[in-house]
Amino acid sequence: MSTPLLEIRDLRAGIAGNEILKGVSLTIRAGEIHAIMGPNGSGKSTLANVLMGNPTYEVTGGDILLKGERINDLSPDERARLGLFLAFQYPVPVPGVTLVNFLRQALNAVRGQEVPVREFRELLFEKMDLLKMDRDFARRYVNDGFSGGEKKRAEMLQMAVLQPTVAVLDETDSGLDIDALRTVAEAVNRIMNPEMGLLLITHYQRLLNYIRPHFVHVLIDGRIVRSGGPELAEELEARGYEALEAELAASGN
Amino acid sequence: MSTAPLIREEGYKWGFYDPVEALYKAKPGLSHEIIDVISDMKGEPQWMREFRHRALEIFWKKQNPPWGSPELQSIDFDSIHYYVRATDRDARSWDDVPEYIRRTFDRLGIPEAEQKYLAGVGAQYDSEVVYHNIRKDLEAKGVIFLGMDQGLKEHEDLVREYFGTVVPPADNKYAALNSAVWSGGSFIYVPPGVKVEIPLQAYFRINSEAMGQFERTLIIADEGSQVHYVEGCTAPIYSKDSLHAAVVEIIVKRGARVRYTTIQNWSTNVYNLVTKRAVAYADAVMEWVDGNLGSKLTMKYPSVYLMEPGAHGEILSLAFAGAGQHQDAGGKIIHAAPHTTSTIVSKSLSKDGGRTSYRGLLKVYEDCYDVKAKVRCDALLLDETSRSDTYPTMEIDAPDVHIEHEAYVSKLSEDQLFYLRSRGLSEDAAAKMIVNGFVEPIVKELPMEYAVELNRLIELQMDGALG
């Protein structure tokens, strides 16, 4: 069995003294795709933000390990340099900064050295071709005036260029129509490789029609209440979160 | 002789000084005698001497403006040296510039820039222009680029026709002061149809302590001509404040195009109180690109008077105020003819308790129909202690006008910082990236070398911006 890339142990976290994650544990190994599903308010986005080190959130217990190294106390940029990536649910506009300039600085930062211009251009164009993106797109200002689909594709391009070890995709399917969803999912499948781990965070099962996870976890009220294979996602889609919550309540869990 | 600079400031690399005694340095304070000394030394015509004396009377009568910074009250006019002459010639070759002055401009990179990407260069050291040169091909086409004093000597008729017509001495207290004791600055004339494709640059350097620099620039762009003039400025850091009160007058004739770019980087003991104004005639275009990074207090509102149909005015203003600085900047556009258009874009940054104020006027006179004007002001605060204010004035006396006005004040966004940091950028690098993006609409208007320089200056200001 391969080494865990990401280990989350009994993670507790919240915001302004309000605990949202109440002990989450999860292990992702190389080549694995995990999906975390949950209703609104279950703590999905909190988990994504806490993994990346968003200073708005406070970790109150537990450990996050990236390739065996505890990263609880590392800043977001230090985590990124260790190979963690978060695709944002709401990518933030940075007016005046072109995507190409941003990507170049980001790549230099995660590699810890200046990447020669020619090498960077080749990498960028290779990845844009891979994701079937028009090259002019890189000259636009980061997320500024992007459509919902463009924002998510730009996130995928960043992931492709930065080549993280572990990528967390926070509700990447939200706000996309079916064509855009398919395009973005294809991008994820092209980027995914056997050395990488992927954590998909989603409300709906529909993304999982295009990206097949190896494991599915259900997050309710800050806890993973069930884990299983891809069939769990289909079951949830058919029965809804309420049925599962009722079942759990009945079993006294 | 100057005393050594007392204050060392991190990040300001132009604070060095030359410990050489000036050839002539007027006693501090203002008087009619001083004016006669200046006028005598320059060998000026009688009308200019009289112009100066009249202006001094106006200066004494005029109050500081009731608006703006109360700091103005602390300027000690009696302790300022109004005229400091380091050398008695305006050279056309750097070899003829006194060596210590040449060294200063070498350190500032001016001769090198001249070689690489400029059509002409002027260099002023304290009160006098020490060097002026223009490419031979442009000179052959009749383009004049001289120090203002030299311009007066060689082209008296032209100077007399326009001098003080765009900014009269009575315009404001500091215009009056400049009119009384002006020295140096540039005189530019571009003949009809001649296009100067690469920039002319002037560099203003204050070296002496408690010094007043009062350069006077006059640019006349004749019909269908084109010119881009760039100015830069720095000074050593002394414990006593210096005063820089320039006047710039620009005449943009029918179909001509003038762009005037400033990258102001005075040390933070300089009061920078400048009056800049242009008149634009039919189908002419006047553009001010005004970057203010240095000085203790800057009050400067470049103006364009749109005098005839088809004229277009544009003001791009960038201000960065750090600790102890107040940048009171903006612009004025006066639509004095129908079918005229204008744009003002202001971007300001404040950090470490610095203060920026946008102050602007948009005026449309009666009967000026079919006028389009746009004003946009963005302020970015980099921390909790800094401040930004907006004082926009609109006087619209015509019915058929299209005016857009937007103003935003924002703080450095936590969301943006987190987003950029999640991609590996340090907090500092992320903040710099946000700031560079914020000023991009102005920076992209600059020639490449100046864009690089401006970004570098902003990064220096940003260093240590975040704990």
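A residue counts as buried when its relative accessible area is under 20%. The model described here is predicted.

**Enclosed elements**

By that cut-off, eight of the nine residues of helix 1 (residues 44–52) of chain A are buried, so this helix is largely enclosed by the rest of the structure. The buried residues of helix 1 of chain A are A:Lys44, A:Thr46, A:Leu47, A:Ala48, A:Asn49, A:Val50, A:Leu51 and A:Met52. After helix 1 of chain A comes A:Gly53, with a positive phi near 90 degrees.

Helix 8 (residues 173–181) of chain B is also mostly covered, with nine of its nine residues buried. Among the buried residues of helix 8 of chain B are B:Lys173, B:Tyr174, B:Asn178 and B:Val181. The buried residues of this helix pack against helix 1 (32–42), helix 2 (46–61), strand 9 (216–221), strand 11 (242–244), strand 12 (247–252) and strand 14 (270–280) of chain B.

In strand 18 (residues 312–321) of chain B, nine of the 10 residues are buried, so the strand is largely enclosed by the rest of the structure. Strand 18 of chain B pairs in the parallel sense with strand 15 (residues 285–292) of chain B over eight bridges. Within that pairing, B:Glu287 has B:Glu314 in strand 18 of chain B as its bridge partner. Strand 18 of chain B also pairs in the parallel sense with strand 20 (residues 341–350) of chain B, over 10 bridges. There, B:Ala321 is bridged to B:Ser350 in strand 20 of chain B.

In soluble globular proteins, nonpolar side chains tend to be buried together. The largest nonpolar core of this model has 142 residues, and those with the most contacts inside it are A:Met156 and B:Phe105. Helix 10 (residues 427–443) of chain B supplies the largest share of this core, nine residues. Leaving aside neighbours within four places in sequence, the contacts of B:Phe105 include B:Trp94, B:Ile110, B:Pro111, B:Tyr125, B:Val130 and B:Arg205. A second, separate core has 45 residues, including B:Val190, B:Tyr229, B:Ala311 and B:Val375.

**A helix pair and a sheet in chain A**

Two packed helices are described by the angle between their axes and the distance between the axes. For helix 3 (residues 99–111) and helix 5 (residues 148–162) of chain A, the axes come within 10 Å and cross at roughly 35 degrees. The crossing of these two helices of chain A is right-handed. On the side of helix 3 of chain A, A:Leu99, A:Phe102, A:Leu103, A:Ala106, A:Leu107 and A:Val110 take part; they meet A:Ala154, A:Leu157, A:Gln158, A:Val161 and A:Leu162 in helix 5 of chain A. By class, this contact has 10 nonpolar, one polar and no charged residues.

A:Leu157, in helix 5 of chain A, counts as buried because its relative accessibility is 0%. Not counting residues up to four places away in sequence, A:Leu157 touches A:Leu99, A:Leu103, A:Leu124, A:Lys127, A:Met128, A:Leu131 and A:Met133. The C-alpha atoms of A:Leu157 and A:Leu130 are separated by 9.2 Å, and the two residues are 27 residues apart along the chain.

Chain A also has an open sheet of six strands in the order 6-9-10-3-11-12, with mixed pairing. Its edge strands are strand 6 (84–87) and strand 12 (223–228) of chain A, each pairing on one side only. On average, neighbouring strands of the sheet are turned by 20 degrees against each other, direction ignored. Strand 3 (residues 33–37) and strand 10 (residues 197–202) of chain A pair in the parallel sense over five bridges. In this pairing, A:Ala35 stands opposite A:Leu200 in strand 10 of chain A. Helix 5 of chain A packs on the sheet and touches strand 6 and strand 9 (166–170) of chain A; the direction of the helix makes about 170 degrees with that of strand 6 of chain A.

| Residue | Phi | Loop in chain B |
|---|---|---|
| B:Asp126 | about 55 degrees | between strand 3 (120–125) and strand 4 (128–134) |

B:Asp126 is buried, with a relative accessible area of 2%, whereas B:Asp367 is exposed, with a relative accessible area of 60%.

Terms used: Residues numbered from 1 in each chain as written. Chains lettered and ligands numbered in written order. Predicted model: local features only at pLDDT ≥ 70, side-chain atom pairs only at ≥ 80, totals over all residues. Heavy atoms only, no water. Helix = DSSP H or I, 4+ residues; strand = E, 2+ residues; numbered from the N terminus. Buried < 20%, exposed > 50% of the residue type's maximum accessible area, 1.4 Å probe, protein only. Core = buried A, V, L, I, M, F, W, Y, C linked by side-chain atoms within 4.5 Å. Contact = heavy atoms within 4.5 Å. Axes fitted to C-alpha atoms, helices over the stretch in contact; angles between N-to-C directions. Left-handed = near helix turned anticlockwise from the far one by under 90°. Nonpolar A, V, L, I, M, F, W, Y, C, P; charged D, E, K, R; others polar. Pairing = 2+ DSSP bridges.
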